[in-house]
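Subject: Structure handover

Hello,

Here is the structure I promised to pass on. Please have it open while you read; my notes follow below.

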Amino acid sequence: MGMTDVLVVGAGPTGLVLACDLARRGAAVRIVDRSPAPPRTSRAKGPNARSLEILDDLGVAEEVLAAGSAPLPMLKYRDRLPVAETDPWADSSPSPDAPYDRGRLIAQWRLEEILRDRLAGYGVRVELGREATGLGEGPGGRHVDVAFAEGRTERARYVVGCDGAHSSVRKLLGIGFEGATAEDQVMVCGDVDLADGALDRTRWHQWFDEDGAVMLCPIPGTRTGWWFQAGPERDGRGRPLAPTTDGFRRLLARHTALPGRALTRAELLSTYRVNVRMADRFRAGRVFLAGDAAHVHAVAGGLGMNTGIQDAFNLGWKLGLVLAGHAGPELLDTYEEERLPVAARTLDLTSERLRATLEAIRRPGGGLDAAITPDTTGLGVGYRWSSLARGLAEAPQAGDGSPDAPDSEGRVARDGDRPAPQSGDRAPDAPCVDAVTGARTRLHRVFAGPRTTVLGFGPGSAAVLLEVAAAYGDAGVRTCRVYAAHEDRATFGPEAAVVDDEGHAAAAYGTKASAGTGTGTGTGTVVIVRPDHHLGLSAPAADARSVRAYLRRLHGGPRSAEGAAEGSADRFSGIGGRHR
């Protein structure tokens with residue numbers, strides 16, 4: 001029986017992001033889905049700002065932006081008349097450290113198409129119509145055998161269940177899914193066509209009446225398609241009725257000024273109940289849970305799909321390093337350590353946003369904008385409590401264990417007006433210039449791709465970057481020297497180099513003071529950025545020991561060829577050993 005590295009069960013956005021990330025790392029990955037055709041659902045309305053950064057790293061952000069639209073202003077009605085209009089993003093704008101300040105509207109099935117195409121570029125295709133029915137651990141716990149409904153068994157080193165709220169993988173593992181379903185909080189949903197010109201497609205229309213609600217948001221890339229959400233029709237005993245096309249027409253006629261016949265088609269009909277649950281654990285041996293298989297939240301704030309995408313981006317690089325033999329299997333323990341608290345907080349956040357929204361819509365002019373806060377961008381999510389977060393040498397860690405970023409806006413340091421990011425925080429972006437070509441670029445472009453990045457600020461960082469490049473250059477670590485505009489750039493080492501021509505990188509990473517204006521070799525800062533764009537470590541250039549120890553944690557001992565490894569072995573005597 002052949003063995004694959006990772007078997008991903010479930011081909012929604014979470015599974016597809018994970019499979020793309022693993023495939024580009026050279027892992028042997030397979031992805032299966034029980035649906036006989038690519039699954040089509042009418043739920044998620046698109047990636048938030050943090051997910052766009054992840055999609056950018058995977059090389060599909062431009063296509064997602066082109067296929068989608070910007071979030072729309074919300075037009076609110078009461079008794080069929082417009083009473084208020086709100087643009088939740090009116091006061092938001094891109095910044096040097098966060099070029100995506102808002103999400104993107106795109107149909108989930110269209111996003112999945114884009115990700116499937118990307119995955120196919122790595123030679124991996126979704127295996128449809130395959131339902132996992134059994135899980136068994138191999139001898140010595142070295143692999144997992146997965147039984148399928150058609151009678152075949154597949155063998156994998158690791159299995160990840162990305163198969164939704166009703167996850168077969170979670171049930172086969174016997175992992176509890178504690179929480180509650182609010183049977184009285186019900187919404188009917190579907191994709192509908194409205195007669196051409198029936199409504200202004202530059203607005204998200206929201207009718208909130210005392211006896212019900214209808215919401216219609218235009219689906220990007222279509223001429224007459226709309227997302228339809230509404231309070232359900234109910235029978236004589238007050239029980240919600242299942243959604244039907246005729247029912248949608250009656251709801252439209254009751255709440256809006258449109259006649260029922262304006263709705264010409266309805267598909268992907270579903271009933272949504274507020275479901276707030278979380279798995280007891282996200283891992284059992286060599287099997288992991290991600291996305292809705294691990295946690296489901298209230299729909300408010302649109303964080304369900306986004307939390308899953310971010311689960312996948314956290315897990316992918318860790319599996320990649322372990323499979324490549326660079327890191328020990330204990331690195332995989334940090335997936336649950338980091339993502340379970342984020343999921344728990346997301347459950348609380350979305351439940352609070354739902355409460356605020358239900359309160360808001362009781363008053364004329366209230367609407368879904370009540371669900372949108374800076375927290376829902378995802379830019380403020382970090383892992384300061386993680387064992388992979390080492391306290392900053394220059395800025396002591398707050399130690400509060402909170403997943404919040406340093407400020408309430410979900411953004412980190414910018415132009416000296418905010419504290420530097422701490423270990424575990426999202427690594428800020430910054431515009432800069434390629435030192436060789438002179439082309440404009442940005443730090444997240446430098447980070448892009450499946451590698452750890454070591455940034456060097458100030459002249460004192462040069463020696464550390466050379467050492468890192470020699471010891472780890474062929475083991476998934478890139479180095480990049482960040483020059484200040486005034487610095488002499490006459491000599492380049494082997495590393496990439498950018499010029500921080502406007503000072504945004506130094507401001508974002510709080511390195512102005514340490515980089516200084518001098519030329520002494522002791523001045524400078526070295527910053528390690530994990531493959532998922534989170535800060536691992538920031539240390540003075542003189543503290544090369546901390547840099548070595550942290551890289552050893554992620555990438556094992558030095559692994560460069562002929563002599564470089566041996567020559568550096570004693571110097572790279574950090575924590576832990578290398579495991580295969």
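Arg 80 sits in the loop between β3 (74-78) and β4 (81-86). Strand and helix names follow DSSP runs, numbered from the N terminus: helices are H or I with at least four residues, strands are E with at least two. The phi of Arg 80 is positive, about 75 degrees, although Arg 80 is not a glycine. Most residues other than glycine have a negative phi. Arg 80 is partly exposed, with a relative accessible area of 41%. Here buried means under 20% relative accessible area, exposed means over 50%, and partly exposed is in between (1.4 Å probe, protein chains only).

Before going on, some ground rules. This is a predicted model, with residues numbered from 1 along each chain as its sequence is written. Local features need pLDDT of at least 70 and side-chain atom pairs count only at pLDDT 80 or more, while totals for chains, interfaces and linings use all residues; side-chain values use heavy atoms, with hydrogens and water left out.

Leu 268 is another case of positive phi. Its value is near 55 degrees, and Leu 268 is a residue other than glycine. Leu 268 lies in strand β13 (residues 263-279). It counts as partly exposed, at 24% relative accessibility.

**The hairpins**

Strand β7 (residues 144-148) pairs with two strands. Strands pair if DSSP finds at least two bridges between them. β6 (residues 132-137) runs antiparallel to β7, and five bridges join them. Glu 137 stands opposite Val 144. Six residues lie between β6 and β7 in their hairpin, and Gly 140 in the turn has a positive phi of about 70 degrees.

On to β8 (residues 153-161). β7 and β8 are antiparallel too, over four bridges. Ala 147 stands opposite Thr 153. This hairpin has four residues between the strands, and Gly 151 takes a positive phi near 105 degrees. Four of the five residues of β7 are buried, so β7 is largely enclosed by the rest of the structure.

**Helix α7 and the cores**

Helix α7 (residues 304-323) has 20 residues. From first C-alpha to last it reaches 29 Å, close to the 28 Å expected at 1.5 Å a residue. That expected span is 1.5 Å times one less than the number of residues. Of the 20 residues, 18 are buried, so α7 is largely enclosed by the rest of the structure. Gly 325 follows α7, with a positive phi near 80 degrees.

Which residues have the most contacts inside the largest nonpolar core? They are Ile 31, Val 160 and Leu 319, in a core of 93 residues. α7 gives the most to this core, with nine residues. A nonpolar core is a set of buried Ala, Val, Leu, Ile, Met, Phe, Trp, Tyr and Cys residues joined through side-chain atoms within 4.5 Å.

Leu 319 touches Val 6, Leu 22, Tyr 158, Val 160, Phe 288 and Leu 332, not counting residues up to four places away in sequence. Contact means heavy atoms within 4.5 Å. A second, separate core has 20 residues, including Leu 105 and Trp 204.

**The open sheet**

Seven strands form an open sheet with mixed pairing, in the order β18-β17-β21-β20-β19-β22-β23. β18 (440-442) and β23 (535-540) are at the edges with a single partner strand each, so one side of each has no neighbour in the sheet. β20 (residues 477-484) and β21 (residues 496-500) run parallel, joined by five bridges. Ala 484 stands opposite Asp 500.

**The loop between α8 and β17**

Gly 365 is in the loop between α8 (333-360) and β17 (431-434). Its C-alpha is 8.5 Å from that of Pro 82, and the two are 283 residues apart along the chain. Gly 365 is in contact with Lys 76, Val 83 and Ala 84, leaving aside neighbours within four places in sequence.

Asp 429 is in the loop between α8 and β17. Is Asp 429 buried or exposed? It is buried, at 1% relative accessibility. A polar atom of its side chain lies 2.9 Å from the backbone nitrogen of His 444. Asp 429 also touches other residues, among them Pro 96, Asp 97 and Ala 508.

Best wishes

Conventions: A polar contact is a pair of N or O atoms within 3.5 Å; within protein, one must be able to donate a hydrogen and the other to accept it, and residues adjacent in sequence count only if both atoms are side-chain atoms.
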